[in-house]
Amino acid sequence: MDKLNILIVASEVVPFAKSGGLADVAGALPKALRALGHDVRVVMPRYYIVDKQKYGLKPVEGSLGVPMGSSEVWGAVLETVLPGSDVPVYFIEHEGFFGRKGLYDEEGKGYEDNDKRFIFFSKAVMQLAKKLHFRPDVIHVNDWHTAAIPVLLNTTYAFDRNFAHTGSLLSIHNLEHQGRFPKSAMDTLAIGWEHFNAGELEEYGDVNLLKGGIVHADAINAVSKKYAQEIRTKEFGWGFEELIAQRAYKLHGILNGVDYEEWSPAVDRLIARKFDANDLSGKAVCKTQLQQKFNLPARSDVPVIGLVSRLAEQKGIRLLAEAIWEILEMDVQIVLLGAGEKWAEHFFSDVASKYPEKFGVYIGYQNELAHQIEAGSDLFLMPSLFEPCGLNQIYSLRYGTLPIVRATGGLDDTIENYCAKDKSGTGFKFYDATAQALTTTVKWAVHTWYEEREDFDQLRNNAMRQRFDWKVAASEYVSLYRSIIRGRRKKEEQI
Ligand code: ADP
Ligand code: GLC
């Protein structure tokens, strides 16, 4: 099998910068592709928070000229490898655009020049590939931040020999965020105003970068089979349902994998005591440590329900806010780690101060604590309104922490509902996006913990034996890349 040249472009990559699951994916998939023998390279912005020293970033010689509208903007490039691999990671540096505190926003307010920042980044990626004489077979871009690249590939760089046979794949990790900007963004893109039309980049008078990516990419991946179905419907399509349904022929649903070197209780260095499916004694130690951390009574008999989440509407936080009082009437403990919407941060902190014996809250972003919650909890709650894939429920399975999820997107694809008859299943699911359905399902899970312990233990065992390896997902990506390349060739032959 020939080796492919793959360029993966993302706005965040673990371990350098992360705000959500996209970074986990962009940090793990390249390693899995590399293990399959391909030449994979990764590009991301050099945000202020990327620690140059810790990760050994070295400057790439020379600067990078990036055409931006009528002028040229100069950037620099830094380089290192993905830890634990030889996959090169390039960082586009520009003090004005990326030398800031946040990735996309500060204090919940998006940067006003996000169009310029990410169009600059997208163009810089193309210029970098040329500078390195790297001729990608496929450029794999992710979400709106890099969705301009398939557009550039088909316009500005259409006749560039460096990209003569380059195809593109757009992964949609979240359709809610589309990169919508005033039409002046067309000047920054500088691909010609003829592309500002409803069939390409225009959307109600604005520029919509994700739309451009959806139209121009050779293929689209929606990170779970269910989400790939859902986004063709009004409920989940964010106005793009028709656009996407018309492109069902190039829409795929390859599920994300998990980096089990990071997220497995048998090797996790961030938890109090390691454990595995054959010996859960370490999990009990993790539970006690977690209860102590949150100042909750160190009871082994009570079920601890964990939550690690961006506090965004998507995650069903309003359902939880409504259901929380009734849930707290049960004999349970809840620990929540999250940050995001201010009302939610205040609300849940307030509930915690009213129920200090039952509800622990940490507002902020804390990777170590996220691992400890996975390890020390008995149940894990994800009441999402929509969830393209969701990683935390998959991590939870491995830690024997049974997920309670709403049956949407990747949550539905990865969790099998408990069936008492044959003790099958890996978690508890509900269907309606209502506080009542959520409460009833939490009650069901808690009842199972107290009254059907044998079943609970069996479920835990089922859960811990599930595997969502990147190796499998990476092979599916390779097949998709190959079909993109074949498609491109066919098109070229027709020209
Ligand atoms: P999304 O990308 O929509 O936020 P995912 O479930 O795919 O949802 O991924 C979320 C990732 O971010 C997980 O790795 C999770 O552990 C992490 N995460 C979310 N919120 C926090 C937080 N407050 N502190 C630490 N890690 C967090
Ligand atoms: C997005 C989605 C989440 C998914 C992640 C990685 O942030 O909200 O469901 O797991 O991307 O694909």
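1. How many nonpolar, polar and charged residues are in the lining of the second largest cavity? There are 8 nonpolar, no polar and 1 charged residues in that lining. Before going on, keep in mind that this is a predicted model.

2. Staying with that second largest cavity, its space comes to about 40 Å³. The residues lining this cavity are Leu 7, Arg 41, Val 43, Tyr 90, Val 125, Leu 128, Ala 129, Leu 132 and Phe 134. H3 has the largest share, with 3 residues.

3. The count of cavities of 30 Å³ or more is 2, and the largest cavity holds about 60 Å³ of space. Its lining is made up of Ile 8, Leu 22, Val 25, Ala 26, Leu 29, His 140, Asn 142, Ser 171, His 173 and Tyr 477. By class, that is 6 nonpolar, 4 polar and no charged residues. Helix H1 supplies the largest share, 4 residues, and strand S9 (138-142) also supplies at least two.

4. Now to ligand 1, which has 22 residues around it. Lys 18, Gly 21, Arg 310, Lys 315 and Gly 364 are the ones that come nearest. If you sort the shell by class, you get 7 nonpolar, 10 polar and 5 charged residues.

5. A few polar atom pairs around ligand 1 deserve a look in the viewer. A polar side-chain atom of Arg 310 sits 2.7 Å from an oxygen atom of the ligand. For Leu 391, a backbone N or O atom lies 2.8 Å from a ligand 1 oxygen atom, and for Asp 24 the distance from a side-chain N or O atom to an oxygen atom of ligand 1 is 3.3 Å. On its own, ligand 1 has 560 Å² of accessible area, and the protein covers 93% of that.

6. Which elements give two or more residues to the shell around ligand 1? They are helix H1 (21-35), strand S16 (304-311), strand S17 (333-340), helix H13 (367-376) and helix H14 (392-398). S16 contributes the largest share, 3 residues. Both domain 1 (5-257 + 470-494) and domain 2 (281-464) give residues to this shell, so ligand 1 lies between them.

7. Ligand 2 is surrounded by 14 residues, the closest being His 173, Asn 256, Gln 314, Glu 387 and Gly 390. Here the backbone provides some contacts to trace: a backbone N or O atom of Gly 390 is 2.7 Å from an oxygen atom of ligand 2, a backbone N or O atom of Cys 389 is 3.0 Å from one, and a polar backbone atom of Pro 388 is 3.4 Å from one. The protein buries 93% of the 310 Å² that ligand 2 exposes when taken alone.

8. The shell around ligand 2 divides into 6 nonpolar, 6 polar and 2 charged residues. H1 gives the most to it, 3 residues. Domain 1 and domain 2 each provide at least three residues of this shell.

9. Last, the second largest pocket, with about 780 Å³ of space. It is lined by 34 residues, and Val 14, Pro 15, Tyr 55, Glu 262 and Asn 367 are nearest its centre. H1 and H13 are the elements that give two or more residues to the lining, with H1 giving the most, 5 residues. The lining has 18 nonpolar, 6 polar and 10 charged residues. Why does this pocket lie between domain 1 and domain 2? Because both domains give residues to its lining.

Methods: Residues are numbered from 1 along each chain as its sequence is written. Chains are lettered from A and ligands numbered from 1 in the order in which they are written. This is a predicted model: local features need pLDDT of at least 70, side-chain atom pairs count only at pLDDT 80 or more; totals for chains, interfaces and linings use all residues. Side-chain values use heavy atoms; hydrogens and water are left out. A residue is near a molecule or strand if one of its heavy atoms lies within 4 Å of it. A polar contact is a pair of N or O atoms within 3.5 Å; within protein, one must be able to donate a hydrogen and the other to accept it, and residues adjacent in sequence count only if both atoms are side-chain atoms. Accessible areas come from the Shrake-Rupley method with a 1.4 Å probe; for residues, only the protein chains shown count as cover. Ala, Val, Leu, Ile, Met, Phe, Trp, Tyr, Cys and Pro count as nonpolar, Asp, Glu, Lys and Arg as charged, and the others, Gly among them, as polar. Domain bounds come from an automatic or database domain assignment. On a 1 Å grid over the protein atoms alone, a cavity is a set of points where a 1.4 Å probe fits but cannot get out, and a pocket is an open set with protein on both sides within 12 Å along at least five of seven lines; lining residues have an atom within 4 Å of a point. Grid points are joined across faces, edges and corners, and a volume is the space filled by probe spheres set on the points.
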